[in-house]
Amino acid sequence: MKWFLVAGTLLALSWSLAQGEAIYQSRCAVCHGAKGEGHPGVYPPLAGSLGRLLALEEARAYLIWVTTYGLSGPIRSGGVVYNGVMLAYPGLSAAERADLLNHLLALNAGYLPGGFRRFTPEEVQGFVKDKKTPAELRHLRESLIARLQQKGLPVP
């Protein structure tokens, strides 16, 4: 009986990651690349960078908000300045957004902190209620980067 529960959990996890990848490919890949590699000077990479933010617990809310409300203004990623606009995607359900975030973090597997936990629809729903503007999120990103630097941790 125990193997049945494990198999069911693995099947659900596989389905969730496949759903997240499908959402990413249809909404994000055109700008950030099929594998999250970005386009230098135009759109920042997501692979190899988002996981670094998660060294800070509050970065979980930031990632949820950015995928919901977008981001605008200049940001630095990998030493390159990007000054564009990321579209908001408020129409995703909490489950779809959790799947998308978990797919993004699968692209960052080598950079995730120990004890990392997957995003859940319940967690996403809790943060989506807090409305943010793209400019507020840029300032929050700057604050997260400064905190990583103060701790001597790698920054995206």
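Buried residues are those with under 20% relative accessible area, exposed residues those over 50%, and partly exposed residues those in between (1.4 Å probe, protein chains only). By this criterion Trp 65 is buried, at 9% relative accessibility. The model is predicted: local features need pLDDT of at least 70, side-chain atom pairs count only at pLDDT 80 or more, and totals for chains, interfaces and linings use all residues. Residues are numbered from 1 along each chain as its sequence is written, and side-chain values use heavy atoms, with hydrogens and water left out.

The chain has 7 helices and 2 strands. Both are DSSP runs numbered from the N terminus: helices are H or I with at least four residues, strands are E with at least two. Along the sequence the pattern reads α-α-α-α-β-β-α-α-α. Of the 156 residues in the chain, 38% are buried. Contacts are defined by heavy atoms within 4.5 Å. Among contacts with a separation of 6 or more, 65% join residues 24 or more positions apart.

Helix α4 spans residues 59-69. Here 11 of the 11 residues are buried, so the helix is largely enclosed by the rest of the structure. The buried set includes Arg 60, Tyr 62, Trp 65 and Tyr 69. The cover over these residues includes α3 (50-53), β1 (71-77), β2 (80-86), α5, α6 and α7 (134-150). Gly 70 follows α4 and has a positive phi, near 85°.

Two packed helices are described by the angle between their axes and the distance between the axes. Axes are lines fitted to C-alpha atoms, for helices over the stretch in contact, and angles run from 0 to 180 degrees between N-to-C directions. Angles under 35 degrees count as roughly parallel, over 145 as roughly antiparallel, 65 to 115 as roughly perpendicular and the rest as oblique. The axes of α4 and α6 lie 9 Å apart, at an angle of about 70°. The two helices are therefore roughly perpendicular to each other. On the α4 side, the contact is made by Arg 60, Ala 61, Ile 64, Trp 65, Thr 68 and Tyr 69. Glu 123, Val 124, Phe 127 and Val 128 contribute from α6. The contact residues divide into 7 nonpolar, 1 polar and 2 charged. In this grouping, Ala, Val, Leu, Ile, Met, Phe, Trp, Tyr, Cys and Pro count as nonpolar, Asp, Glu, Lys and Arg as charged, and the others, Gly among them, as polar.

Helix α6 (residues 121-128) also packs with α5 (residues 94-106). Their axes come within 8 Å and cross at roughly 110°. That makes α5 roughly perpendicular to α6. Ala 94, Ala 95, Arg 97, Ala 98 and Leu 101 of α5 meet Pro 121, Val 124, Gln 125 and Val 128 of α6. This contact comprises 7 nonpolar, 1 polar and 1 charged residue. Thr 120 is found in the loop between α5 and α6. At 33% relative accessibility, Thr 120 is partly exposed.

Rings of Phe, Tyr and Trp (its six-membered ring) pair if their centres lie within 6.5 Å; planes under 30 degrees apart count as stacked, over 60 as edge-to-face and the rest as tilted. The count comes to 1 aromatic pair. The ring centres of Trp 65 and Phe 127 are 5.7 Å apart and the planes stand at 85°, so the pair is edge-to-face. Trp 65 belongs to α4 and Phe 127 to α6, 62 residues apart. Phe 127 is partly exposed, at a relative accessible area of 27%.

A charge sits over a ring if NZ of Lys or CZ of Arg is within 6 Å of the ring centre and within 35 degrees of the ring normal. Lys 132 lies over the face of Trp 65, 4.6 Å from the ring centre. The charged end of Arg 60 sits over the ring of Phe 119, 4.2 Å from its centre.

Leu 71 lies in strand β1 and is buried, at 10% relative accessibility. Leu 71 and Pro 134 are 63 residues apart in sequence, yet 4.1 Å apart from C-alpha to C-alpha. Beyond four places in sequence, the residues touching Leu 71 include Tyr 62, Val 66, Val 85, Leu 137 and Arg 141. Val 81, in strand β2, is partly exposed, with a relative accessible area of 44%. Beyond four places in sequence, Val 81 touches Pro 74, Ile 75 and Arg 76.
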